[in-house]
Amino acid sequence: DYAYVTNYMGLALAIMDISDPLNPGQPVFVNLGGYTYDVAVSGNYVYVAAGSKGLAVIDISDPLHPGAPVYLAMEHTAMALALQGNYAYVGVATNRLAIVDITIPLNPVKIGEDLVLTDASMQAVAAAGNYVYAAAGSQGLAVIDVSDPANPGDPVFCSVTGIAGDITLQGNYAYVAAGTSGLAVVDVSNPAVPGEPVYMNTISRAIGVARAGNSAYVTVENRGLAVIDVSDPESPGAPVFLPVSGQFRGVASRENYAFVAAASNGLAVMNIALP
C-alpha cells in the first residue's frame, strides 16, 4: 500500500500511502544526505542506491515512521539496484557491480571486489534466478552469472541499438528502454546466449520501463507514458500514449494503476484498467 520514490535533488526517499491510488497521502521523507538514484523493497526493508553514501537500508515495518538509514559504503557512486533472495546487486559508477549479502538487512556485507564491466555503464539492473541483467548504456544488455556470488561470471553482452537506460524482467524476456530505439524486447530463456532484440518504436526517447499483465509501460520523453501490448513479446503492438506533464524517469505498475516519477511534478498516478 505504499510507494517509495527516490527524491534525487532532495537527497531523500519519499514514502507515500497509495492504498487509495487516486488519492495518495502526503509524502514522508527520509533524509539520506546525498543524491538518491534507485530504490527496491523487500519485506520490512527498503534499499536505496544513495550515491556517494553507498547502499542505504531503512526499516519500514511502520512505513510512515521509518527507521534511521544504515549505510554500507561503496568505493564508487551507487546508482542502480536490484534484489534477489539474500543479495542486493548495486550498480556503481565507473562501470562496476557490487554484490551485497543482506541476510541481516541492517548489517549488509559486501562480497568480494566490485565486478568491472569493461566500458558498460550501469544505468539499471534487474535480477532473476542465478543471473543479473544490466541496462548497460551504449553496450546494450549485460547478463552476469551470479550463481556463485563471490565469483560472478564475466558479463555476456547483447547489443541493443540506442542507449539502454532501464530494464525489467518478465518470464523469459528482458524489456529494455533503449533511448531513441524505443522498447527492446530480448529473449533470455538462455541467459548465456540472449536472443536478438525485437524493437517497438516509441517516437521519442524511451526512458523507463515496467511490466504488468499483457502490457509494457514505457516513459517516453515529451510524449508521456506509452502502453505497449506485449502479449506476444516477439511482436509488440504499437504504443498508445497517455500524457504525463513534466520530465520523468521511473515507472512502476500495480493492479490497475501506473505510477510515474514525474520530476518536479512529483508522483503521477494513472488508471490503466482500460485497454
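Let me begin with Gln84, which is found in strand S8, residues 78-84; strands here are DSSP runs of E of at least two residues, numbered from the N terminus. The model is a predicted one, in which local features need pLDDT of at least 70 and side-chain atom pairs count only at pLDDT 80 or more, while totals for chains, interfaces and linings use all residues. Residues are numbered from 1 along each chain as its sequence is written, and side-chain values use heavy atoms, with hydrogens and water left out.

Gln84 has a relative accessible area of 29% and is therefore partly exposed. The term lies between buried, under 20% relative accessible area, and exposed, over 50%, with a 1.4 Å probe and protein chains only. Leaving aside residues up to four places away in sequence, Gln84 touches Tyr89, Ala127, Ala128 and Gly129, where contact means heavy atoms within 4.5 Å. The C-alpha atoms of Gln84 and Asn130 are separated by 8.9 Å, and these two residues are 46 apart along the chain.

How many aromatic pairs does a search of the whole structure find? The search finds 1. The ring centres of Tyr87 and Tyr89 are 6.5 Å apart and the planes are at 40 degrees, so the pair is tilted. By the criterion used, rings of Phe, Tyr and Trp (its six-membered ring) pair if their centres lie within 6.5 Å, with planes under 30 degrees apart counted as stacked, over 60 as edge-to-face and the rest as tilted. As for accessibility, Tyr87 counts as partly exposed at 24%, whereas Tyr89 counts as buried at 3%.

Rings also take part in two arrangements with arginine. The charged end of Arg211 sits over the ring of Tyr175, 4.9 Å from its centre. Likewise, the charged end of Arg223 sits over the ring of Phe241, at 4.4 Å from the ring centre. Here a charge sits over a ring if NZ of Lys or CZ of Arg is within 6 Å of the ring centre and within 35 degrees of the ring normal.

I turn to the salt bridges, of which the structure holds 2. The term requires a side-chain nitrogen of Lys or Arg within 4 Å of a carboxyl oxygen of Asp or Glu. In one of them, Arg254 is joined to Asp1, and the closest N and O atoms are 3.9 Å apart. Arg254 lies in strand S24 (residues 251-254) and Asp1 in the segment before strand S1 (2-7), so this bridge ties together parts that are 253 residues apart in sequence. Arg254 is partly exposed at 26% relative accessible area, while Asp1 counts as exposed at 57%.

The other bridge is formed by the side chains of Arg205 and Glu221, at 3.2 Å from N to O.

Next, the surface. Which residues make a nonpolar surface patch of about 320 Å²? The patch is made by Tyr8, Met9 and Tyr35. Patches consist of residues with over 30% relative accessible area and no salt bridge, like charges being joined within 9 Å and nonpolar side chains (Val, Leu, Ile, Met, Phe, Trp, Tyr) within 5 Å. The areas come from the Shrake-Rupley method with a 1.4 Å probe, and for residues only the protein chains shown count as cover. Tyr35 is located in the loop between strand S3 (28-31) and strand S4 (38-42), and with 36% relative accessible area it is partly exposed.

Two backbone details deserve mention. Most residues other than glycine have a negative phi. Asn95, however, has a positive phi near 65 degrees, and is placed in the loop between strand S9 (87-92) and strand S10 (96-101). Glu255, also not a glycine, has a positive phi of about 50 degrees. Glu255 lies in the loop between S24 and strand S25 (257-261) and is exposed at 65% relative accessible area.

Finally, I come to Ser138, in the loop between strand S13 (131-135) and strand S14 (141-145). Ser138 is exposed, with 56% relative accessible area. Beyond residues up to four places away in sequence, Ser138 touches Gly162 and Ile163.

Key:
Helix = DSSP H or I, 4+ residues; strand = E, 2+ residues; numbered from the N terminus.
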